[in-house]
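Reader: I am new to this structure. Can we go through it by question and answer?

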Amino acid sequence: LEDNGVNEPLVFDTESSLIKDAIRYCELNNFQPLLNLPSKVRTNNFREVIDQKNFEFISEFKDISKDLIPLLNTANIMGIESLYSLILIKIATTCYIPQNEQGINQAKSLGIKDYTVELEDKIREKNAWAFIQNVKP
């Protein structure tokens, strides 16, 4: 996108690889939105919550901040809700701390002493704005 400094709409650079990736995603899914995306992520395994073709597509983007966030922004600007949601789910699974010994140890290493699913639910309730579902990009 380029901001031309005038009160005119922003224009896409049609040669952008991000736009091409977004269109490739749409083609992969026959220009249909994904159905049955989870509203809550309770795993750190992205493969468990998404189909194989979309798992493989998202797995092409190795770095969240350098690859996925720019694609997330592109999906938002282009209004591709299912790609936007899919990327958020990928990020959520990356951040999820499982309720098992390994997850509890991981939480403790991050300074969270008493991590539980109940604590997560309390955090979600207290910060509901961050977990709003079905928000159109």
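Predicted model: local features only at pLDDT ≥ 70, side-chain atom pairs only at ≥ 80, totals over all residues.

Reader: How far apart in space are Ile 87 and Ile 58, C-alpha to C-alpha?

Author: Ile 87 is found in helix α4. In sequence, 29 residues separate Ile 87 from Ile 58. In space, their C-alpha atoms are apart by 7.5 Å.

Reader: Is Ile 87 buried or exposed?

Author: Beyond its neighbours within four places in sequence, Ile 87 is in contact with Ile 58, Leu 68, Leu 71 and Leu 72. The cut-off for buried is under 20% relative accessible area. Ile 87 has 0% relative accessibility, so Ile 87 counts as buried.

Reader: Are α2 and α4 roughly parallel or roughly perpendicular?

Author: The axes of α2 and α4 are 11 Å apart, and the helices pack at an angle of about 75°. Angles of 65 to 115 degrees count as roughly perpendicular. The angle therefore makes α2 and α4 roughly perpendicular.

Reader: How many residues of the contact of α2 with α4 are nonpolar?

Author: From α2, the contact uses Asn 54, Phe 57 and Ile 58. From α4 come Leu 83, Leu 86, Ile 87 and Lys 90. By class, 1 is polar, 1 is charged, and the number of nonpolar residues is 5.

Reader: What about α1 and α2: roughly parallel or roughly antiparallel?

Author: Their axes come within 11 Å and cross at roughly 170°. The cut-off for roughly antiparallel is over 145 degrees. So α1 and α2 are roughly antiparallel.

Reader: How many charged residues are in the contact of α1 with α2?

Author: On the α1 side are Asp 21, Arg 24, Tyr 25 and Leu 28. On the α2 side are Lys 53, Asn 54 and Phe 57. The contact has 3 nonpolar residues and 1 polar residue, and its charged residues number 3.

Reader: Where is Phe 31, and is it buried or exposed?

Author: Phe 31 is found in the loop between α1 and α2. Its phi is near 55°, a positive value in a residue other than glycine. Its relative accessible area is 56%, so Phe 31 is exposed.

Reader: What is the relative accessible area of Asn 36?

Author: Asn 36 also lies in the loop between α1 and α2. Its phi is positive, near 60°, and the residue is not glycine. Most residues other than glycine have a negative phi. Asn 36 is exposed, with a relative accessible area of 77%.

Reader: What share of its residues count as buried?

Author: The protein exposes about 9,400 Å², with 52% of that supplied by carbon and sulfur atoms. Of its 137 residues, the share that count as buried is 27%.

Methods: Residues numbered from 1 in each chain as written. Heavy atoms only, no water. Helix = DSSP H or I, 4+ residues; strand = E, 2+ residues; numbered from the N terminus. Buried < 20%, exposed > 50% of the residue type's maximum accessible area, 1.4 Å probe, protein only. Areas by Shrake-Rupley, 256 points an atom, 1.4 Å probe, with all protein chains shown as cover. Axes fitted to C-alpha atoms, helices over the stretch in contact; angles between N-to-C directions. Parallel < 35°, antiparallel > 145°, perpendicular 65-115°, else oblique. Contact = heavy atoms within 4.5 Å. Nonpolar A, V, L, I, M, F, W, Y, C, P; charged D, E, K, R; others polar.
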